[in-house]
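Q: Could you take me through this model step by step, setting each value against the rule behind it?

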Amino acid sequence: MSTTDTRPVTPTSAEVPDGGIRHHSKRGPAGRALTWTQVRAALPAALRKLDPRLLSGSPVMFVVEVGAALTTVLAVIQPDVFAWWITVWLWATVLFATLAESVAESRGRAQASTLRATQQQTTARKVAAAQDTLDTGTRLDLLPTVEVASSSLQVRDVVVVEAGETIPGDGDVIEGVASVDESAITGESAPVIRESGGDRSAVTGGTVVLSDRIVVRITAPAGSTFVDRMIALVEGSERQKTPNEVALNILLTSLTIVFLLAVATLQPFAVYSGSRQSLLVLVALLVCLIPTTIGALLSAIGIAGMDRLVQRNVLAMSGRAVEAAGDIDVLLLDKTGTITYGNRRATEVLPVGSIGPRDLAAAARLASLADETPEGRSIVDLVDATYASSGGEPDELPAGAELVPFTAQTRMSGVDLPAGDGGRGVRRIRKGAGSAVQRWVHSTGAHVLPAEEAELAAHVDAVSRLGGTPLVVAEQVGEAPARILGVVRLKDVVKTGMRERFDQLRAMGIRSVMVTGDNVVTARAIAAEAGVDDVLAEATPEDKLALIRREQEGGRLVAMAGDGTNDAPALAQSDVGVAMNTGTSAAKEAGNMVDLDSDPTKLIEIVEIGKQLLITRGALTTFSVANDVAKYFAILPAMFVGLFPQLGVLNVMRLSSPESAILSAVIFNALVILALIPLSLRGVRYRPASASSLLQRNLLIYGVGGLVAPFVGIKLIDLLVSLLPGL
Amino acid sequence: MTTQTWAAVAQVLVLVAALAAVHVPLGAYLARVYTTPNHLPVERAWYRAVRVDPDAEQRWNVYLLSVLGFSLMSVLFLYALGRLQAYLPWNLGFTGLDPAGAWNTAVSFATNTDWQWYSGEAATGHLLQMAGFAVQNFVSASVGLAVAIALVRGFARSGTDARIGNFWTDLTRGVTRILLPFSFVAALVLVASGVIQNLDPHTAISTVEGATQHLLGGPVASQEAIKDLGTNGGGFFNANSAHPFENPTPFTDLFEIFLLLVIPFTLPRTFGIMVGDRRQGWAILGVMASLWAAALVLTTWAELAGPGAAPQAAGAAMEGKETRFGLAASALFAVSTTATSTGSVNSMHDSFTAPGGGVLLFNILLGEVAPGGVGAGLYGMLVLAVVAVFVAGLMVGRTPEYLGKKIGQREMTLVALYVLTTPAIVLVGTGLSVVLSPGIAGIQEAGPHGLTEVLYAFASAGNNNGSAFAGLTTGTPYYDTLLGVAMLLGRFVPIALVLALAGRLASQTSVPPSAGTLPTHQPLFVGLVAAVALVVVGLTFIPVLSLGPVVESLS
């Protein structure tokens with residue numbers, strides 16, 4: 001009756017007293033604002049990115065660069081202050097775009113260099129034996145070893161690692177148990193236990209064995225290890241455009257073509273009207289109209305989104321998964337360790353008949369003092385905190401006390417206290433499953449009163465119904481018949497703050513499903529307490545997989561977290577599968593994200609980051625397009641006011657001259673990119689709310705704001721520009 | 001308010017009441033037409049005759065090929081009929097059309113545009129009118145309906161292999177169950193109200209002053225009904241619905257406006273029923289109605305206020321308008337005909353005040369979506385809704401979806417190309433025509449008004465409206481050929497993209513809505529779609545508009 005439902009718990013698991021959700025970031029600069037140091041560091045890379053071949057991936061910025069090149073030629077042929085100003089600011093526009101991307105990348109680069117340090121060439125002690133011996137043999141650590149370079153290790157090679165040595169590559173522990181320092185990867189300094197078999201067998205190359213000796217079978221070839229993939233991910237070198245990013249790029253490209261057409265055909269209309277426009281002005285108009293703001297920041301937004309995950313110690317193996325996280329409809333969470341603390345805890349004592357609560361509590365405490373299981377400890381904690389008698393209780397059992405351990409046959413445990421003063425006989429206290437304890441009581445010849453029996457049954461039933469486990473306590477003094485003292489309520493304690501989290505999820509439109517091996521009654525009770533929407537009770541890994549398939553057939557996207565090998569199929573099937581870093585390599589392979597903190601509730605944060613990424617894209621697109629209205633009001637009157645003086649009415653900003661109007665619009669267009677780099681790196685603020693209130697808020701800020709802001713901005717810039725000599 | 005304003009308000013109220021009265025039953029009827037498995041006996045006979053299996057569902061590409069094949073046959077048939085008119089009966093003595101003219105006319109009627117470079121009474125005999133134009137008025141409208149229904153099926157279906165219905169069945173039912181019976185009734189109403197219906201040649205009569213005048217005859221009422229009901233717009237006479245034989249009284253005027261609005265404004269209901277969420281239909285109707293109402297208010301105000309030197313001098317902006325109808329009824333007709341891709345007119349749009357004419361032009365440039373042509377309006381509006389959903393969907397933190405369908409890369413490509421197509425046709429066509437000498441030769445007025453005339457012509461052709469601003473001398477090989485190309489591309493490129501989109505959507509599994517899904521039936525979304533339509537079109541055409549109607553309005 002002790003540790004029935006506990007999972008291996010490592011120091012890095014979700015056992016955080018405050019209810020389990022960590023918000024602190026372990027790496028990276030704390031402030032997310034753009035600093036000059038960052039800009040200076042990113043500048044060389046930004047200049048390299050001006051290479052048109054690199055820029056052609058972003059059609060919008062490519063058009064700007066072509067325009068800038070064109071105006072440069074024009075300015076050289078016909079030098080003129082206005083032409084040079086336009087040219088300089090067009091180049092600045094392109095540069096700001098590449099700078100945004102390069103700043104976003106530089107954040108990951110710092111981390112990559114730390115990771116690279118773990119990849120130093122090490123020597124591996126490879127077991128020299130035929131492959132079939134390695135596959136079937138036992139006591140591999142006794143076989144002779146040869147020293148080889150870690151880079152020469154192949155998959156299925158077997159190596160021996162001892163305390164103080166660096167593990168030479170990714171693999172599974174096949175023999176032994178050791179404590180391992182994984183701080184190089186997780187940033188967590190406390191060592192973790194790695195042992196053969198079970199769900200804690202995976203080790204990562206570059207981590208250090210602190211104690212003992214393990215035999216590891218290599219599972220990843222050198223060059224494609226976990227750390228290699230991490231480096232590639234955080235550097236963004238492997239970054240591919242995500243599906244939604246591609247779709248948005250298509251929209252931006254088509255807008256660019258529309259404006260290209262509008263500006264290109266403006267010349268014939270201008271010629272017809274008798275006011276041919278200079279190529280310089282047309283290029284300036286085009287650059288102002290095409291969606292440069294979002295075009296410049298699009299890839300920075302994507303990189304920064306991945307970076308935000310890394311800040312929270314989550315590695316996304318694909319950007320697609322980050323995007324999918326924003327769309328999640330159903331979230332599967334394991335009960336134990338995620339929704340509840342790992343172990344049952346005593347929360348209450350329920351005495352029977354004439355027994356007082358303190359007597360029951362004291363007896364239960366005595367029976368548990370020597371019980372090292374978490375439940376036993378929790379009984380002691382409960383009694384000390386709630387039912388302590390004034391004199392205080394001894395922390396040690398009296399000398400001569402005999403511990404009766406739990407066995408599968410008796411299904412109870414307890415203690416036999418030696419006969420003390422006052423001629424009392426040996427005191428035997430037992431606690432355990434109701435039926436087992438009752439059988440013991442009857443075996444001592446006791447006749448339990450029907451009223452007491454009924455009371456006991458009522459307590460047991462009530463505890464079970466509320467999702468707890470009843471622990472019946474009885475005692476026998478001397479050879480007298482034993483009597484039942486009462487019931488201790490053992491309960492899965494729901495982590496604090498879970499209900500709020502699930503409320504938030506519901507507000508986002510995400511249904512949470514708790515997965516547990518408990519029976520339906522218990523599962524439902526805990527689900528109700530935690531505020532989960534649905535529950536999958538008595539779940540096998542197959543049930544889990546079937547549930548995911550069923551949801552997906554209904555068109556829903558499913559996210560889950562898992563660590564065990566038997567979670568691997570479900571992780572692979574789910575749209576967002578977050579594997580715990582403490583888990584097996586099979587789980588890590590199957591998931592599309594790995595949480596280095598091994599905190600399953602982090603799924604919620606991952607969903608938020610996914611949504612934030614999409615919102616930032618949408619908001620900046622809206623802003624970018626809304627900006628065009630003001631730019632038309634600045635540029636069109638400037639172009640044609642000479643021909644049609646009545647168009648001067650449209651110069652609502654009262655810009656000082658046609659040249660300053662056009663230049664101000666171009667400068668605003670460039671500066672707004674620079675101003676929005678921090679936002680694109682940080683992401684638009686996201687608070688869980690209904691879709692319509694989110695839309696309303698973002699439309700107001702970025703739509704209406706995007707309409708108004710440039711009127712103010714262009715006017716202010718014009719006030720400065722009009723002071724420039726030669727314009 | 002003046003009596004004139006009261007009258008203007010009253011006629012709009014009557015019109016809206018009539019449209020509202022038929023909205024629900026007619027919407028349900030249209031949905032039943034396109035979803036019932038039953039065939040009428042006459043349809044069965046027809047399917048047997050043309051060897052079509054009416055129950056065989058087509059994938060989108062087969063559906064598209066059927067549309068294109070059918071329309072190609074229509075163009076060829078019309079071209080032959082026009083070229084060979086001299087040798088065919090009932091030609092009223094008219095000769096065949098010239099090659100460019102025949103091409104233009106063939107394309108015009110097969111694309112539901114009904115742009116007319118000729119005067120009906122001076123170029124086309126009864127056979128061409130009835131066997132050519134009238135037939136196309138039915139089938140081209142039915143093609144538009146079929147394509148719209150195919151797109152709606154794409155939204156409604158889940159996880160099929162891109163099957164979106166059977167074009168031949170949809171085409172047939174549109175004619176036999178909707179357009180023919182309705183226009184038959186409408187024609188009776190028109191005849192009863194004084195519209196002529198005969199097969200007479202033109203009759204010479206002597207006027208009171210002793211001069212000779214030719215009274216025109218023809219099957220006008222039957223043509224008139226389908227001209228408006230099918231949002232075709234090709235008038236029997238050059239003067240179109242300004243002609244007393246086509247549109248004799250204020251009642252027929254209002255009735256004709258009702259006819260051209262009724263199907264486009266009802267289709268959102270059909271859409272709502274077919275996708276299983278009537279609120280979605282209300283939202284689309286809301287976007288269409290608010291854009292139409294805004295245009296109506298602006299135009300009516302502009303005409304009644306009569307800004308500009310000429311109207312001020314004359315007392316009212318009556319130039320080019322029928323005194324039978326007056327300013328308000330002219331504005332109502334003009335707004336409705338430009339907003340529905342009909343293109344029939346009861347007044348000359350060229351003579352509208354500068355801001356009034358500008359609104360009419362903007363209506364067409366909007367892409368004929370408010371409420372748009374029969375079928376074409378609905379699919380155009382749904383494409384705009386997808387654009388709105390894409391941007392707005394991102395802003396609620398999900399990858400965009402509309403009616404449970406994800407708007408991904410492929411969907412967005414099709415939608416982006418759709419949005420690009422007509423602006424490209426209009427801008428390139430207008431741009432060429434104001435710099436090439438055969439183009440400039442057709443421009444009557446110099447300056448901004450001339451630019452507006454050319455822009456209007458290409459906007460009308462590219463968006464399959466068919467109304468002319470007048471003032472531009474078309475009927476030249478240059479304009480006939482180029483406008484023909486504009487009409488052809490403006491009709492079938494969007495149709496191809498819409499059907500491809502329908503196929504994509506039909507093959508997707510529907511995602512059930514959740515609290516995190518962007519609601520697409522609320523006023524906020526209605527405003528958003530309207531804003532997307534205005535902004536996309538506005539930003540595209542502001543430069544050219546500012547050199548045309550805007551400059552005119554400000555002078």
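**Sheet, chains and single residues**

A: In this predicted model, seven strands of chain A form an open sheet with mixed pairing, in the order 10-22-21-20-11-18-19.

Q: Why is one side of strand 10 and of strand 19 of chain A left without a neighbour in the sheet?
A: Strand 10 (314-316) and strand 19 (534-536) of chain A stand at the edges, and each has a single partner strand, so one side of each has no neighbour in the sheet. From one strand to the next, the twist averages 20°.

Q: What makes strand 11 and strand 20 of chain A count as a pair?
A: Two strands pair if at least two bridges are found between them, and strand 11 (residues 330-334) and strand 20 (residues 558-562) of chain A have three bridges, running in the parallel sense. As for individual residues, A:Val330 has A:Val558 in strand 20 of chain A as its bridge partner.

Q: Which domains does the assignment give for chain A?
A: The domain assignment gives domain 1 (36-108 + 234-310 + 608-721), domain 2 (123-165 + 171-219), domain 3 (314-339 + 495-596) and domain 4 (341-493). The centres of domain 2 and domain 4 of chain A, taken over C-alpha atoms, are separated by 45 Å.

Q: Where in chain A is confidence lowest, and where is it highest?
A: The mean pLDDT of chain A is 83, with 91% of its residues at 70 or more. Among the elements named for chain A, helix 5 (residues 131-136) has the lowest confidence, at a mean of 69, and helix 3 (residues 59-77) has the highest, at 96. Over residues 1-31 of chain A, pLDDT stays under 50, although the model has 70 contacts beyond four places in sequence for them. Where pLDDT is low, the predicted coordinates should not be read in detail.

Q: How do you know whether the radius of gyration of chain B agrees with that of a compact globule?
A: For 555 residues, a compact globule would have a radius of gyration near 24 Å, and chain B has 22 Å, which agrees. The C-alpha atoms of chain B fill a box of roughly 75 × 60 × 45 Å along the principal axes, and buried residues make up 62% of the chain. Chain B has 20 helices and four strands, and of its contacts between residues at least 6 apart in sequence, 78% join residues at least 24 apart.

Q: Why is B:Ala162 called buried, whereas B:Trp90 is called partly exposed?
A: A residue is buried if 20 or more other C-beta atoms lie within 10 Å of its own, and exposed if 12 or fewer do. B:Ala162 has 22 and is therefore buried, whereas B:Trp90 has 15 and therefore counts as partly exposed. B:Leu489, in helix 18 (residues 477-507) of chain B, is also partly exposed, because it has 19 such neighbours.

Q: What makes the backbone at B:Trp90, B:Ala162 and B:Pro371 worth a remark?
A: Most residues other than glycine have a negative phi, and most peptide bonds are trans. B:Trp90, in the loop between helix 3 (60-83) and helix 4 (99-110) of chain B, has a positive phi near 50°. B:Ala162, in the loop between helix 6 (126-156) and helix 7 (167-192) of chain B, has a positive phi of about 65°. B:Pro371 lies in the loop between helix 13 (354-365) and helix 14 (376-395) of chain B, and the peptide bond from B:Ala370 to B:Pro371 is cis, with omega near 0°.

Terms used. Residues numbered from 1 in each chain as written. Chains lettered and ligands numbered in written order. Predicted model: local features only at pLDDT ≥ 70, side-chain atom pairs only at ≥ 80, totals over all residues. Helix = DSSP H or I, 4+ residues; strand = E, 2+ residues; numbered from the N terminus. Rg over C-alpha atoms; globule rule 2.2 N^0.38 Å. Contact = placed C-beta atoms within 7 Å. pLDDT = per-residue confidence, 0-100. Domains from an automatic or database assignment. Axes fitted to C-alpha atoms, helices over the stretch in contact; angles between N-to-C directions.
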